[in-house]
Amino acid sequence: MRDTDHVAEIDRVLRGQATGRDSVVSRSWRRCVERYGLDPARPSPAHIVTEAELRSHREQSERLIAIARSGLGALFRQVAGQNYVLLLADAKGVTVDFLGDSRFQDELRQAGLYLGSDWSEHRAGTCGVGACLVTGQAVTIHQTDHFDLHHTPLSCTAAPIFDTTGQLTAVLDLSLLRSPQPKASQNLAMNLVRTAARRVEMANLMAMSRRDWVLRLSTAPDFLEVDPEAAIALDAGGRVIGMTHAAQAALGNGTPLLGQRLEDLAEVTTDDLPDLMRGRPAEDRVIRLRDGGALFGHAIAPQAARLPRGQPLLPGGLSSLAGSDPAMGALLAQAARLAPSTLPLLIAGETGTGKERLARAIHLCRPEPAPLRVIDCAGGEASFDAAWNDEGGTLLLRGVEDLSAAAQALLLRRLAPCKLRVLATTRCDLAAAVARGAFRADLFFRIAGAALPVPPLRMRQDLDWLIDRLLRAANADGLRLSAGARAELKARSWPGNLRELAATLQAAVLLAEGTVIDARDLPPPLLAPATETRPDDDLRAVLEACGWNMALAARRLGVNRSTVLRRMQRLGLTVPN
Ligand SMILES: Nc1ncnc2c1ncn2[C@@H]1O[C@H](COP(=O)(O)OP(=O)(O)OP(=O)(O)O)[C@@H](O)[C@H]1O
């Protein structure tokens, strides 16, 4: 196309004639003339800012440049040998980072494909960076799409980069000095810059959110962990405090995402995030959205780099193992301090108290992802693969008290030169088993660097919290518990602990006919409560320990509330004022 033809076409477009140009181009041409007063008949060369100005632009974008660098490098390698130039422009359109073939340095500098060139639309006319900044969308401005005749040899494909609050903060541009005629030749470049911009946003969100939960999202499970499509950062109350641009489209439903609560966007709360961590297969981590859609989720826990000694911030999955129960709070704070070490830990507690959950949460506190090997000792044997030793990671021994004498000896030999961090769970008093000679003392000391005793459910004061949490997990249809059903659940002694509570709620959800779970929908306790489990003289001590809360005391004693009341009357005990 001759120069006069180009100017004439712009003139025709401005007079409203269709010339076959993309609307994004014709709208930009109109802005150039009507808003910025540019004249297509008076081309001007690329504008390069002064050294001092460039320094100031680069200083302001320093963090972004550092974060974008590896993404830019990866993208540049993908297009190596094809003469592409890669530009990172700031929100004002000034090129603050650049990757190009140094053999063409002079030519690139002249064309403005260089550090310090100003590609804002009001300065350079229609161009990739400028149009992208104005529209907030990825664009290809190909050859004569450019407004200024100086730039018409170029082909520029640009994608926006948004910061974690949704502000357009930079543009990634892939340009060619010379390109094939069809604009479609740049479709691959378009995909590449879009992907690179998304990855830079993701890296930026991760860097900004080290102390927060991040929920990464994808429409398919396959690349969820390595290359998710979108992500949000959440504060402790479950509010969105940061996002990638794609998250706004995936979750926003037309309203701004920042400040919204996770549970208003999807059928999950922050309590459920540990279940969406790396430990479970990606295809099981489905998040149902309030708008009826579904996404696959990968939750990344806040990093536990520095735990303050006073008020511990529980890292990762540990934070979701208990509500406000003082004993669990102290246990989890201890677990948080021990988790980053390689000390072997013995987690003890009755069946179903959540020992394995705790072990898995401790494993997930590792600074780097590593394999978790689980040996179920229930059969008396420990099938230990020697290759695990080289790979490192965590070895979880479930129910270690069940190991036969031969298996204990074998395990001890295997663990001797072992790189694995050992976590063991036990349902019995393992120290007493050592004293009886039922468990080897040398193995005991190998696996019990520190002990973490998990309290039984009847001793916990966060039963309401657990009921709500387990009900949510069991309950896709949002059934509610009646006050009577809740009181009945709180009166039970739960010998099967969390496992029994979870199963009871699952059954109740299935048995309930309406939208409310009543006491009659609850299956009866699987084990009948013991009647006279403790001598009466324990009663005062138990009541005092429970702050004279009769329901709690009944649970701790494994009896009904009415039994406690009867015994109190018999002993003449009254609730102190
Ligand atoms: N904090 C929790 N929130 C929700 N569910 C939990 C929690 N802790 C445990 N559970 C559920 O309770 C059940 C028992 O948990 P887990 O297997 O960790 O217990 P355990 O003490 O290791 O049991 P056992 O000694 O009998 O093997 C599991 O179904 C688990 O999903």
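This is a predicted model: local features need pLDDT of at least 70, side-chain atom pairs count only at pLDDT 80 or more; totals for chains, interfaces and linings use all residues.
**Helix 1 and helix 2**

Begin by selecting residues 3-14, which form helix 1, together with residues 23-35, which form helix 2; their axes come within 10 Å and cross at roughly 95°. Because angles of 65 to 115 degrees count as roughly perpendicular, helix 1 and helix 2 are described as roughly perpendicular to each other. To see where they touch, show the side chains of Ile10, Val13 and Leu14 on helix 1, and then those of Ser26, Trp29, Arg30 and Val33 on helix 2. Coloured by class, this contact between helix 1 and helix 2 shows five nonpolar residues, one polar residue and one charged residue.

**Helix 4 and helix 8**

Next, select helix 4 (residues 62-78) and helix 8 (residues 187-208), whose axes lie 9 Å apart and which pack at an angle of about 150°. That angle makes helix 4 roughly antiparallel to helix 8, and the crossing of the two is right-handed. On the helix 4 side, display Leu64, Ile67, Ala68, Gly71, Leu75 and Gln78, which meet Leu192, Ala196, Arg199, Val200, Ala203, Asn204 and Ala207 of helix 8. By class, the contact of helix 4 with helix 8 comprises nine nonpolar, three polar and one charged residues.

**The shell around the ligand**

Now centre the view on the ligand and ask which of the 16 residues around the ligand come nearest. They are Thr351, Gly354, Lys355, Glu356 and Leu498. Helix 12 (355-364), helix 17 (463-474) and helix 19 (497-511) are the elements that each give two or more residues to this shell. If you colour by domain, you will find that the shell draws at least three residues from each of domain 3 (316-455) and domain 4 (458-521). By class, the residues of the shell divide into six charged, six polar and four nonpolar.

**Helix 21 and helix 22**

Finally, select residues 550-557, which are helix 21, and residues 561-571, which are helix 22; here the axes come within 8 Å and cross at roughly 100°. With side chains shown, you can follow Met550, Ala551, Ala553, Ala554 and Leu557 of helix 21 as they meet Arg561, Thr563, Val564 and Leu565 of helix 22. The contact of helix 21 with helix 22 has, by class, seven nonpolar residues, one polar residue and one charged residue.

Terms used:
Residues are numbered from 1 along each chain as its sequence is written. Axes are lines fitted to C-alpha atoms, for helices over the stretch in contact, and angles run from 0 to 180 degrees between N-to-C directions. Helices (H or I, at least four residues) and strands (E, at least two) are DSSP runs, numbered from the N terminus. Angles under 35 degrees count as roughly parallel, over 145 as roughly antiparallel, 65 to 115 as roughly perpendicular and the rest as oblique. A crossing is left-handed if the near helix is turned anticlockwise from the far one by less than a right angle, and right-handed if clockwise. Two residues are in contact if their C-beta atoms, placed from the backbone, lie within 7 Å. Ala, Val, Leu, Ile, Met, Phe, Trp, Tyr, Cys and Pro count as nonpolar, Asp, Glu, Lys and Arg as charged, and the others, Gly among them, as polar. A residue is near a molecule or strand if its C-beta atom, placed from the backbone, lies within 6 Å of it. Domain bounds come from an automatic or database domain assignment.
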